[in-house]
Amino acid sequence: MDEISQIFDRVFKRIFTFSDKAITNLINGLFGTDYPPDSQIEYSNRENTRTDLSHTYSDLFIIINRKWHYHLEAQMYHDNTIVMRVFEYGFYHALETREDNFTLRFPEPVVIYFCNAEKVPETSSIRVILPDQQEFTYTVKNFAYLAHDIEELNRKKMIVFIPFQMVRVRDFLISDGKARLLTENEIQELKNFIDSDILGSIKANLQVGNIDLDDYNQLLELLNQLYQQIILQYQKKGGDKDMKPLLPGAMELPNDKYRFRIDELEAENASLQEEKSALAEEKAALADKNAALERELEILRRKHKN
């Protein structure tokens, strides 16, 4: 996998730090389900990845409302053999999450391809033959990203996939491994695509509540990261050395060190509130004990007078 493909892979895994509402919308769009926006999202075998994309994830499994399991894989190139790996990963996930020793429930799989859509079939399958010669077909749904335009992503509320529109930008700038020298009209066309289609879609989804403010900020940060990487690759291949950034201001948005610091402070505040509550309970218990002692003392005083 080349460097730019690795960056896209990290971005794919990064988006699963977004809000539960945003991920629920994505699952509904990918699988045609209708889970409510307030559904609970859990992850299996997940690592943390910051906006600098320095960490990676293991295979991604999503559990909705502690019941429904989904397996997502991302590919930058078409791979006929990935269905075998998806089956293997799904088998081990079923083992780890089984409710009893006699049932294996596989997660619902999908492979998302961020490559030429014409090469991607709708599904991929393998034939599984059991020892008694019984057999069944294991089928994996394929989602060819470039076959779905921004209007469809918006309609299905799959806005967290919007950073991958940068695949189109990369393909516009670099063709057959060579950089294209853009005309002024082409540069303006590129700017309009990013400003109107990409950034406009993110803003619109924030306004209608499909994503929250933190999702919005992270999407802009990821777009900026991807654009910088693509421009660097474009320039290395002989493109315009003076091409100006098309996402001004994105890096001025709140980044992870602030977002994670907020999380730390909120956790610290919750801990302090728990301590405060415990102290309040202890104080109340001491007050009750003191009142009981006062009553006992008063009884003794009365007896002494008599």
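## Aromatic rings

Let's start with the rings: Phe8, Phe12, Phe16, Tyr43, Phe114, Phe143, Tyr145, Phe161 and Phe164 form one aromatic cluster. Rings of Phe, Tyr and Trp (its six-membered ring) pair here if their centres lie within 6.5 Å; planes under 30 degrees apart count as stacked, over 60 as edge-to-face and the rest as tilted. This is a predicted model, where local features need pLDDT of at least 70 and side-chain atom pairs count only at pLDDT 80 or more, while totals for chains, interfaces and linings use all residues. Residues are numbered from 1 along each chain as its sequence is written, and side-chain values use heavy atoms, with hydrogens and water left out.

There are 19 aromatic pairs in the structure. Take Tyr35 and Tyr70: their ring centres are 6.2 Å apart and their planes stand at 80°, so this pair is edge-to-face. It ties together distant parts of the chain, with Tyr35 in the loop between α2 (20–31) and β1, Tyr70 in strand β3, and 35 residues separating them. Helices (H or I, at least four residues) and strands (E, at least two) are DSSP runs, numbered from the N terminus. Both Tyr35 and Tyr70 are buried (buried means under 20% relative accessible area, exposed over 50%, partly exposed in between, with a 1.4 Å probe and protein chains only).

Two rings also have a charge over them (NZ of Lys or CZ of Arg within 6 Å of the ring centre and within 35 degrees of the ring normal). Lys141 lies over the face of Phe31, 5.9 Å from the ring centre, and the charged end of Arg180 sits over the Phe172 ring, 5.1 Å from its centre.

## The sheet

Six strands make an open, mixed sheet in the order β1-β2-β3-β4-β6-β5; two strands pair if DSSP finds at least two bridges between them. β1 (41–44) and β5 (123–129) are the edge strands with a single partner each, so one side of each has no neighbour in the sheet. From one strand to the next, the twist averages 30°. Axes are lines fitted to C-alpha atoms, for helices over the stretch in contact, and angles run from 0 to 180 degrees between N-to-C directions.

β4 (108–113) and β6 (135–144) run parallel, joined by 4 bridges, and Ile112 has Phe143 in β6 as its bridge partner. Helix α3 (82–97) packs on the sheet and touches β1, β2 (60–64), β3 (68–75), β4, β5 and β6, its direction making about 150° with that of β3. Contact means heavy atoms within 4.5 Å.

β5 and β6 pair antiparallel over 7 bridges, with Arg127 opposite Thr137 in β6. These two strands form a hairpin with 5 residues between them, and Gln133 in the turn has a positive phi of about 75°.

## The cores

A nonpolar core is a set of buried Ala, Val, Leu, Ile, Met, Phe, Trp, Tyr and Cys residues joined through side-chain atoms within 4.5 Å. The largest one has 61 residues, and Phe16, Leu30, Ile62, Leu72, Phe161, Met166 and Ile202 have the most contacts inside it. Helix α7 (213–236) supplies the largest share, 10 residues. Another core of 13 residues lies apart from it, with Val111, Tyr113, Val128 and Tyr138 among them.
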